[in-house]
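Visitor: Hi, could you walk me through this one slowly? I'm still new to reading structures.
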Amino acid sequence: MRRWGLRHKGRINWKAPMPGGEVIRLIDAVPGKKYRIESINGGCRLNSHLCAMGFIPYEIFYVSRASRGGPLCIIVKGTKFAIGRGMAGKILIRELENEE
Amino acid sequence: MKSKITIALAGNPNSGKTTVFNNLTGLRQHVGNYPGVTVEKKTGVVEYKGYRINVVDLPGIYSLTAYSMEEIVARNFIIDEKPDVVVDIIDSSNLERNLYLATQLIELDSPLVLVLNMADIAKKSGKKIDIDLLSELLGAPIVETVGCKGLGSKEVLGSVIEEVNSKKKKKIEIKYGEEVENEINRITAIFKREKIPPLKFDTKWIIVKLLEQDNEIINVLKETLGSKYQKIEKEITGSINHITSILRNTPEVIIAEARYGFINGALMESYREVDTGRLDISEKVDRILTNRVLGIPIFALIMWLMFQFVFTVGKYPMNWIDIGFGKLSEIITSNMAEGLISSLLVDGIIGGVGGVIVFTPNIMLLFLSIAVLEDSGYMARAAFVMDRIMHKIGLHGKSFIPLVIGFGCTVPAYMGSRILENKGDRLLTMHINTFMSCGARLPVYILFAGAFFPAIAGNVIFSIYIIGVIMAVVMAKVLRSTRFKGMSDPFVMELPPYRVPTLKGVLIHTWERTWMYVKKAGTVILAISILMWIAFTFPMIGNNYSTDYHGQIDEIEQSYQSGTITQQYYKEQIAAVEGKMAGERLAYSAAGRIGRFAEPVFKLLGFDWKMTVAAISGIAAKEVIVSTMGTLYSIEEADGQSEPLKTVLNKNYHPLVGYNFMLFTLLYFPCLTAMVVFRKEAGTKEMFFQMGYTLFLAWMVSFLVFQIGRLFI
């Protein structure tokens, strides 16, 4: 099956293990780094909503701000979002290795 | 040829949809609510080439799922009302995300016109779009506009009319990938086998929605299909499990990916982008405005400026309105015989309606500020900055704004709560807003603090404000963990790029809200003011005064005419007697009787019947408490600074009772106007809940303070 939904420079071999670091929760992301979304586990209703805002698996995003106790600020598909810590705990991400 | 058509404007939040709407319709707009929900419905009419086009502005949404009330409303409008054309407004500099909504409109197979708004910004930042190709790939005509400069409106209307008249229907189908398509086919077969009657939706669309577990559609099917639905449900669950196990993601995510796939497929050929600089500017501004250290002080400063703007600038027009109504009262009193009708006109109607109109400048300036903050993009940042603190007490970051406004006046604060999208957040913010001491309560505090604690009046008043804030925090926690449990959305919010707000947009926004306030509050308040006037006037005392006041007045008149007393003394004496008469009239009226009747309940708080009547009159408006207190103690024209009233209060009550009365005034629901607005914003049930729980809380707190305090005095 051809996977559209993909905005990644170059092709990815799906059989091979995903490049990049450990799978972590978005809540533990470090500002100034790029990550890739692994999965969203918020239940059907919330998943649909997040997808509509551009949060889909394999999407690459940038963490612009994250401070202890407060919401995170991330850039997905050219749009900046504030995302609460509760929600951020339900999104699994993987850090991208420096590829550029 | 049809000459009357309806079009619906759809689009993401921050896509400039409202600006396009304003450009299309100008000032011929009508604002209402969708039936049964608090989602705003804006409509307007425009005439073009012999067509009368009815434009409906749907709420700003990201998709047509059933995530929020807005999405359900928008979807139902498109499905049920079947507008002749749906116009999807798209932010050209964010095509991919914005086209997601378009794919769902394509799925619904509604006649579609795509508007690429803010085309100038996209071009400036080096984005190249092959309009013709994209239009062909998406199966819908595309028009470019620049909303903030008013460009492209004619072209939009032209495309709409072309679309209405075009016969050819080219349905674009979105493929969801092999696995999902297989399941869709399998369930379509089951639909046929079970002889499901044709519904108002397309079968494939329904199945996609069922795979996405869309609650609204599930409920509709449950209702219409009855027992047959159970069979379908079982099959759907099977499909969901199958898809999830193979693709390791739930169907709604897979389907969303497929939609983005379709978009990327279309964009791959028709769109080229060179890196954008726009976000970088916003990013730089954000570095300061949402800074960890500076963010909150900057927000506080902006709030302070807004508060000053709303209440300091608003003071002048408020004064003019006040003087105007005063003059009107004077004209009526001087031209009409003193009697019931003039009293009804002056005290009832002008007093009541004037009390509503007088807030208009505040409301207008408040909505002006909110419109500027929203349109510029700062509002989202404010929520971001404040979320950390507000989250701890169970509120949304944006709740802070209405709460600050509440210190000025609760009426605009309730209306300002509209900036909260989630119903639970909005109601919670409204329910605790009462405890932010509004300006009308200040005269009461000044009077009582001045009467009982002259040396430390400032500190005492401050303590009342602080207790209010503490109460708000406590009640927010309590309500969030009981009545509004789980009614909060996870916090995900777009931080749109900063923009300069357009004058037209800001003005239209301000005007709409203000007019809505005047119209809605005004009509109900008129009726209630008359009722309040009746309660404070009837039954009339007639000649049942305790002493012969008329005789006393005659005596004073005689001594004045015979020259034994000075004019000054004469006036004072007359005022004293008339004051006593007014006090007795009030005590005799229904309100006075209620006060006496309710006295046993308030005795437990240390209040006598006079305080009780004053508290009741405070329902009309809290500052009325002061003048009622004055009337009851026979002091004419009393205000918060009135020395005689302070003396008499100090003589009659213990300081503990005085402080307790201030607490009571702080805690019970603000005023009638506020309650009417509350009902309009949140419904009758919520209004009664607000009245009930604040009264109960006020009583409980005052009870405890008085009973415990009594042990120490």
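Visitor: Okay, what pLDDT does chain B average?
Guide: This is a predicted model, and in it chain B averages a pLDDT of 85, with 95% of the residues scoring at least 70. For the complex, the predictor gives an ipTM of 0.80 and a pTM of 0.75.
Visitor: Got it. How is chain B divided up?
Guide: Chain B is divided into domain 1, covering 4-165, domain 2, covering 178-273, and domain 3, which is made of 537-683 + 692-710. Between the C-alpha centres of domain 2 of chain B and domain 3 of chain B there are 67 Å.
Visitor: Switching topic: how many residues does the contact take from each chain?
Guide: The contact takes 41 residues from chain B and 37 residues from chain A. On the side of chain B that touches chain A, the elements giving two or more residues are helices H3, H11, H12 and H16 and strand S10 of chain B.
Visitor: Which of them gives the largest share?
Guide: That is H11(B), which supplies ten residues to the side of chain B that touches chain A. By residue type, that side of chain B holds 16 nonpolar, 14 polar and eleven charged residues.
Visitor: What does S10(B) pair with?
Guide: S10(B) pairs with strand S5 of chain A, residues 79-83, in the antiparallel sense and over four bridges. Within S10(B), Val492(B) is the bridge partner of Ile83(A).
Visitor: So what sheet does that strand belong to?
Guide: S10(B) belongs to an open sheet of seven strands with antiparallel pairing, in the order S1(A)-S6(A)-S2(A)-S3(A)-S4(A)-S5(A)-S10(B). S1 of chain A and S10 of chain B stand at the edges with a single partner strand each, so one side of each is left without a neighbour in the sheet. From one strand to the next, the twist averages 40°.
Visitor: Last one: where does H16(B) lie?
Guide: H16(B) lies across S4 and S5 of chain A together with S10 of chain B, and H16(B) runs at about 135° to S10(B).

Terms used: Residues are numbered from 1 along each chain as its sequence is written. Chains are lettered from A and ligands numbered from 1 in the order in which they are written. This is a predicted model: local features need pLDDT of at least 70, side-chain atom pairs count only at pLDDT 80 or more; totals for chains, interfaces and linings use all residues. pLDDT is the predictor's confidence in each residue, from 0 to 100. Domain bounds come from an automatic or database domain assignment. Two residues are in contact if their C-beta atoms, placed from the backbone, lie within 7 Å. Ala, Val, Leu, Ile, Met, Phe, Trp, Tyr, Cys and Pro count as nonpolar, Asp, Glu, Lys and Arg as charged, and the others, Gly among them, as polar. Two strands pair if DSSP finds at least two bridges between them. Axes are lines fitted to C-alpha atoms, for helices over the stretch in contact, and angles run from 0 to 180 degrees between N-to-C directions.
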